[in-house]
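The entry is shown first, and the notes follow by topic.

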Amino acid sequence: MTSKNSFLVDLKQNAVRRTWSILLFAISFFFVLPVTLMVNFSSLLKYTEEQFLAKQMLVSFKSVVVLNPFIMAATVIFAIIAAIHGFSYLYSRKKTDMYLSVPVSIEKRFAAIFINSMLMYVVPYIIFLIITIIIAGTYGVKDAYIIKMAFVSFGINTLFYLAVYAVTSIAVMLTGNLPVTVLGTGTLLCYENGVKILLLSMFSNYFKTYSPFSDEKFLKTWFSPLGLFLSFQNDFALALKDNISVMPVVEKAALHLVVLAIVYMVITFLLYKARPIEACSKSMAFKKSKKVIKRLIMIPVALVFCLFFESASGNSLGGAIFGLAAGIILCHCVIQAIYEQDLKAAFKDKRSIIYIAVIAGFIFAVFKFDIAGYDKYIPNENKLVSGTISLDTPFGNRASFYDDEYDNVTGDRYRFNNMNIIDKSLLCDIAYTAAQEIDNYSTGYGSEDNPYTISATMKYTLSNGKSVYRNVYFDYKENQELLNRIFADVNFKENYLQLFDSIFAKNESLYEIRYSNDFITETLSNGLNNELISAYKKDFIDMTFSDVENTLASGYLEMYAVIKNDNADENSGMDDSINIYYEFPVFDSFENTKAVLQKQGIDINERVSKEDVFSVTVYDYVNNTEPIEITDADQIEEILDAVYARSQVYFSAVNSHYNNDYDVDISIKPEKYNGYYNIGCGFKNGHVPDFIKQN
Amino acid sequence: MIELNGLNKSFDGIKAVDNISVTIKEGSVFGLIGTNGAGKSTVMRLMTGILRPDSGSVLIDGEKVYNNVSSKSKFFFISDDQYFFATANAKDMERYYSSLYPNFDKGAFYDYLIRFGLDAGRKINTFSKGMKRQLILLLGICANTKYLICDETFDGLDPVIRQGIKSIFASEIEKRQLTPIIASHNLRELEDICDHVGLLHKGGVLLSKDIEEMKCSILKIQCVFKNDNEREKAEKNLTILKDDVRGSLHTYTVRGTHEEVERLFTSLETIFFEVLPLSLEEIFISETEVAGYDIKKLIFG
């Protein structure tokens, strides 16, 4: 029978034996919290202007107590130390003989180690957090929201600590000595994310239609507290930055961490009870787990080697197979040598080598030879709900998009969030066409074999709620009808540019609109904004693919507005305004737009006259000859008729009608634009003047 | 009473304990001897519930021991390489053990420390090996448990200390029926301490007997017979375990009481006879040789 207070005594004894860990934790929190704050404050007091001081001190206070990255790093390290140190007696026969022979139950010993592990983190953290808050208060830095967030951070860090502690404890239970435990902890913490990253690398390496948008849900961490906490940090920081409530983010992460921690602690305890004590100083505690763990590590390692050697050998199959074999054998030998603590045992259990060679080889073949038909995916029309076509043309990279917070987003992202094409047959026809043509892209998109390639990122939303993303490629010369069908889809048009949504409309009257084709730039009267935008929208909706095929944009509309950033810190000295800027191409077929521009006397195709040109310099990149400078007025006139402005290429529907062999630099006389002005141009296909060719 | 019933334990396929069944009675000193690798420590660790047996059971006063706090509170285990907390002194260890064993006799412990010349405040990691063994023995004795299980604890203790510990054992056995269980690879170490000895070899028990019983029932006789008839008569009436002849001097190791042997030889015509007591070592040699083992190789190398 143990005495009444034996548990407390056990707790105390356990704490005494972990003194150095406790000291390490306490000293670390002391430096990371109050000392860092004091250093930051003293620096701010020295170097910050009076008017910004209060705000900067608040920002500094927040950075120390809320989501402090040093605390996060320390949390991971502390959790690992606490778990390993707490259960380190399991590594020593001397200690196990002593601890297991005394009248203390397994449950009590486990509880004592666990409670101390939690206390040694929580107690110094909370004490130094409170001290830090008090110090900040003495400087007049008080903010209830930040203090609340500091305690929220404390709570979530504690849960994170608990989850990492539990994972490390599992590693301790599964292994028998410190080096293997450390390796095991690293493996357990990183395995999920590591395997996912490997799979995504394989998707991207082997599948031509793979789109990184598929990654987002796939990369979501379910089992690794480390991955989970990193994504939480990101979400939390974004929520704080955008001044939206962080609590849903916190609650979601907290719930996930609590579930993980409970499950892992239960597993730890069961393993603790089942762990054979004779495992101390061996590599692995459970014989049955040895092969399973080894094989689970061997498969991804083999595939990593496979990818590496395939890439190093210029994508050769031989290189891949060599990598696969090398990875399997090397990984097997290393693990086996660790298991047996004997290099001579490296080739024991050859059966595993064979099994893994078959499994990893099969996985490699599935990817390499697309056995599952990934690149030829055609959605089942009956299961398809809607889709998005983020075509890379006609407006290429020049379009800009903003989210609700006026943060820039990519065109793909914007369209995936907004475009819902319900013409299923159109979506399936695109998929079918791309699947038929995919084999033509064995040398890659944009190669000389495929000069008329058009590409799009597709999102297929299925009835089961899942979204499938694919990059598709097809020949636009051969598929004009399909492209015209896409262009005829109103939903496609209305969500292709940020022209039809409420964010754009909200600031419509604020835009300063200019028309430019690089040769001329004209600012429009603000009163024409609504009319011009309406006209442009109509032209855009009416635009067919045929209208823009083989046609460069004549110029573009620039729409620029400065709006107030409601989230900016007024006292921080930071800019409280947001600049938003759009460019919309104007094609010759845009009659309504042209008509409105004409009202301001703007001819969209207007060029400078030969008299305005000082000189033209032509660079020949094919022959690498010396640049030719042309000053002859007639030759300049001929050149002006033969060139396009480089900026128009960005709005090109397709890229077959301009010549890339020459750069044409047109220098405008200073009197034209009150200063020196150069226009970067290229020759249109088939329009290179003879005198240029001869030279 | 500690009962080991059909105990088996293997490590990585190697049988360390092979179907051992031993009963250890209360109030006696039980010695477990065997060569290195015979399985003594494994038996001790099974007995104390550190290891879980593959099969068989260990019962202490009728209760299983593995993962049973109640059973574990009845013994104090001293391993062959005892662990003390880093930087701890004797006082720290007393605090720890007294929190676990409610009957721990602190007064006696500090008295013993003085008697054995051990400094309660000195760090244990500065103690010699022998001092550490004395300390853990004193802690074990003062824990006031019913059983004191010692794995090779006496090996290497100097004779004065051994005598001191032995007398403490004697007084504790008398006072509270303490049952020390001592494992050793050296029979001579146990000879003057144990009442009962079990011999372990290759994971199994070769024999388990009371030392007094063995001493009383096995005798060595040296004699010179007047003639062969007398010799034949003697050999016919004796249970001879071992027979050695050098010239006309016969040396017999026989089973039987001193009185029976005296009576027999008095009735025979002998030139000379003498009944000699056997050392424990000799008794073991004889007993195990009967069982077909060369004990000299087993225990004395």
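What volume does the second largest cavity have? The second largest cavity has a volume of about 30 Å³. The model is predicted, and the structure holds 2 cavities of 30 Å³ or more.

**Second largest cavity**

- The lining consists of Leu4(B), Val22(B), Ile24(B), Phe30(B), Leu32(B), Val43(B), Met47(B) and Ile181(B).
- Two or more residues of this lining come from each of β2 (14–24), β3 (30–34) and α1 (40–47) of chain B.
- By residue class, the lining of the second largest cavity has 8 nonpolar, no polar and no charged residues.

**Largest cavity**

- The volume of the largest cavity is about 60 Å³.
- Lining residues of the largest cavity are Thr209(A), Tyr374(A), Asp375(A), Tyr377(A), Ala431(A), Ala434(A), Ala435(A), Tyr460(A), Arg470(A) and Val472(A).
- Within chain A, α16 (424–437) and β5 (467–475) are the elements that give two or more residues to this lining.
- α16(A) provides the largest share of the lining of the largest cavity, with 3 residues.
- The lining of the largest cavity divides into 7 nonpolar, 1 polar and 2 charged residues.

**Cysteines**

- The disulfide count over all chains is 0, where a disulfide requires a pair of cysteine sulfur atoms within 2.5 Å.

**Open sheet in chain B**

- An open sheet of 4 strands in chain B has the order β2-β1-β4-β5, with antiparallel pairing.
- β2 and β5 (63–64) of chain B are the edge strands of this sheet, and each of them pairs on one side only.
- Strand β4 (residues 55–60) of chain B runs antiparallel to β5(B), and 2 bridges join them.
- Which residue is the bridge partner of Ile60(B) in β5(B)? The partner is Glu63(B).

Terms used:
Residues numbered from 1 in each chain as written. Chains lettered and ligands numbered in written order. Predicted model: local features only at pLDDT ≥ 70, side-chain atom pairs only at ≥ 80, totals over all residues. Heavy atoms only, no water. 1 Å grid on protein atoms, 1.4 Å probe; cavity = no way out; pocket = protein on both sides within 12 Å on 5 of 7 lines; lining within 4 Å. Points joined across faces, edges and corners; volume = space filled by probe spheres on them. Nonpolar A, V, L, I, M, F, W, Y, C, P; charged D, E, K, R; others polar. Pairing = 2+ DSSP bridges.
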